[in-house]
Amino acid sequence: MKKIDAVVKPFKLDEVREALSEIGVSGLTVTEVKGFGRQKGHTELYRGAEYVVDFLPKVKIEIVVADNMLEQAIEAIIKAARTGKIGDGKIFVTSVEQVVRIRTGETNEAAI
């Protein structure tokens, strides 16, 4: 099993969720986060004063998928989240050793 952490632009969340749902991903966790990469933030004007916004709003989507669904899930996220502009986000993939569904006690792929 693999855990996918995808950091994307907030307005792309619904598109990513729908794309993952279409390929059979049944659950995900979403967190509002702030950060920057190559984009390095931007400057804004507020009441006549210019200030730097270092951390930009993003959403972090976390899903766990079976190994055989990994590439399909990554492609779905890329297709739904891409705008072609800087700041589209990143996808991180890590291995998951064990999953347990608390309510039923199901483990691993049965618990996803």
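Helices (H or I, at least four residues) and strands (E, at least two) are DSSP runs, numbered from the N terminus. The model examined here is predicted.

**Exercise 1. State which pattern the protein chain follows along the sequence.**

Step 1. The elements are counted: the protein chain contains 2 helices and 6 strands.

Step 2. The elements are then read in sequence order, which gives β-α-β-β-β-β-α-β.

**Exercise 2. Determine the order of the strands in the open sheet and name its edge strands.**

Step 1. In general, strands of a sheet pair through backbone hydrogen bonds, either parallel or antiparallel.

Step 2. Strand 1 (residues 2-8) is joined to strand 5 (residues 56-65) by 7 bridges, and the two run antiparallel. Within this pair, Lys2 lies opposite Val65 of strand 5.

Step 3. Strand 1 is also joined to strand 6 (residues 89-95) by 7 bridges, again in antiparallel fashion. Here Asp5 stands opposite Phe92 of strand 6, and Val7 has Lys90 as its bridge partner.

Step 4. The open sheet consists of 4 strands in the order 2-5-1-6, with antiparallel pairing. Its edge strands are strand 2 (29-35) and strand 6, each of which pairs on one side only.

Step 5. On average, neighbouring strands of this sheet are turned by 20 degrees against each other, direction ignored.

Step 6. Helix 2 packs on the sheet and touches strand 1, strand 5 and strand 6. The direction of helix 2 makes about 5 degrees with that of strand 1.

**Exercise 3. Describe how helix 1 and helix 2 pack.**

Step 1. Two packed helices are described by the angle between their axes and the distance between the axes.

Step 2. For helix 1 (residues 13-22) and helix 2 (residues 70-81), the angle is about 150 degrees and the axes are 8 Å apart.

Step 3. Angles over 145 degrees count as roughly antiparallel; therefore helix 1 is roughly antiparallel to helix 2.

Step 4. The crossing of helix 1 past helix 2 is right-handed. Helix 1 contributes Glu15, Val16, Ala19 and Leu20 to the contact, while helix 2 contributes Ala73, Ala76, Ile77, Ala80 and Ala81.

**Exercise 4. What is the radius of gyration of the protein chain, and what would a compact globule of 112 residues have?**

Step 1. A compact globule of 112 residues would have a radius of gyration near 13 Å.

Step 2. The protein chain has 17 Å.

Step 3. Along the principal axes, its C-alpha atoms fill a box of roughly 60 × 25 × 20 Å.

Technical notes:
Residues numbered from 1 in each chain as written. Predicted model: local features only at pLDDT ≥ 70, side-chain atom pairs only at ≥ 80, totals over all residues. Heavy atoms only, no water. Axes fitted to C-alpha atoms, helices over the stretch in contact; angles between N-to-C directions. Parallel < 35°, antiparallel > 145°, perpendicular 65-115°, else oblique. Left-handed = near helix turned anticlockwise from the far one by under 90°. Contact = heavy atoms within 4.5 Å. Pairing = 2+ DSSP bridges. Rg over C-alpha atoms; globule rule 2.2 N^0.38 Å.
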